[in-house]
Amino acid sequence: RQMCIRDSLYSLFTADDILNEMNIVIRLKPAFFHGLPYAIRASVYGMAPAFISVGDVTKAREDIRTALALGKDYRSVYLTVADIYIHWGEWENADRIIRAGLALPFDDRMVLEENDCLRKLNDRQERVRKELAKKN
């Protein structure tokens, strides 16, 4: 339990650093790595609590739109966005993003990353389906 608390506090302390790094990358090259910096910044805005950190759902949603526009063919963007929707409990949005990410063609240039993302998206899909089944 103490490790979870320590890890959570560490995450809050690093949120500003991650946000600053992503802002630099976005300022220097907005389309870098298929928009993944926007997705990472969205995860910081979307998962950090607003009352004690940098959390801002409106900014997160803006960055999600940009990330998906720039990374429409990049599976890691879909994985990152799916995690945000899962964190928010937006199961229908998570399901839609996961299905879109799984439907992308396999990129033979990045075999390890593709396999890792596919495995994680399939894991997330199973969790999301269970949550959606509870609602119905």
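This is a predicted model: local features need pLDDT of at least 70, side-chain atom pairs count only at pLDDT 80 or more; totals for chains, interfaces and linings use all residues.

Reader: Good to know! And how many residues does H4 itself have?
Author: H4 covers residues 75–88, which gives it 14 residues. From first C-alpha to last, H4 reaches 20 Å, close to the 20 Å expected at 1.5 Å a residue.

Reader: How many of the residues of H4 are buried?
Author: 12 of the 14 are buried, so H4 is largely enclosed by the rest of the structure. Among them are Arg75, Ser76, Leu79, Thr80 and Ile86.

Reader: Nice. What covers those buried residues of H4?
Author: The cover includes four helices: H2 (36–47), H3 (57–70), H5 (91–103) and H6 (111–135).

Reader: Let's pick H3, then. At what angle do the axes of H3 and H4 cross?
Author: They cross at roughly 155°, and the axes come within 10 Å. Since angles over 145 degrees count as roughly antiparallel, that makes H3 roughly antiparallel to H4. The crossing is left-handed.

Reader: Which residues make the contact?
Author: On the H3 side they are Val57, Ala60, Arg61, Ile64, Ala67 and Leu68. H4 contributes Val77, Tyr78, Val81, Ile84, Tyr85 and Trp88.

Reader: And what does that contact look like by class?
Author: There are 11 nonpolar residues, no polar ones and one charged residue.

Reader: Changing topic: where is Ala15?
Author: Ala15 sits in helix H1, which spans residues 2–28.

Reader: Is Ala15 buried or exposed?
Author: Buried: its relative accessibility is 4%, and buried means under 20%.

Reader: What is Ala15 in contact with, leaving aside its neighbours in sequence?
Author: Once neighbours within four places are set aside, Ala15 is in contact with Val44, Ser53 and Val54. As for Arg41, that residue is 26 residues from Ala15 along the chain, and their C-alpha atoms are separated by 9.3 Å.

Reader: One last stop: which helix holds Gln125?
Author: Gln125 is found in helix H6. With a relative accessible area of 9%, Gln125 is buried.

Reader: And which residues is Gln125 in contact with?
Author: Ile98, Arg99 and Leu102, again leaving aside neighbours within four places in sequence.

Key: Residues are numbered from 1 along each chain as its sequence is written. Side-chain values use heavy atoms; hydrogens and water are left out. Helices (H or I, at least four residues) and strands (E, at least two) are DSSP runs, numbered from the N terminus. The expected span of a helix is 1.5 Å times one less than its number of residues. Buried means under 20% relative accessible area, exposed over 50%, partly exposed in between (1.4 Å probe, protein chains only). Contact means heavy atoms within 4.5 Å. Axes are lines fitted to C-alpha atoms, for helices over the stretch in contact, and angles run from 0 to 180 degrees between N-to-C directions. Angles under 35 degrees count as roughly parallel, over 145 as roughly antiparallel, 65 to 115 as roughly perpendicular and the rest as oblique. A crossing is left-handed if the near helix is turned anticlockwise from the far one by less than a right angle, and right-handed if clockwise. Ala, Val, Leu, Ile, Met, Phe, Trp, Tyr, Cys and Pro count as nonpolar, Asp, Glu, Lys and Arg as charged, and the others, Gly among them, as polar.
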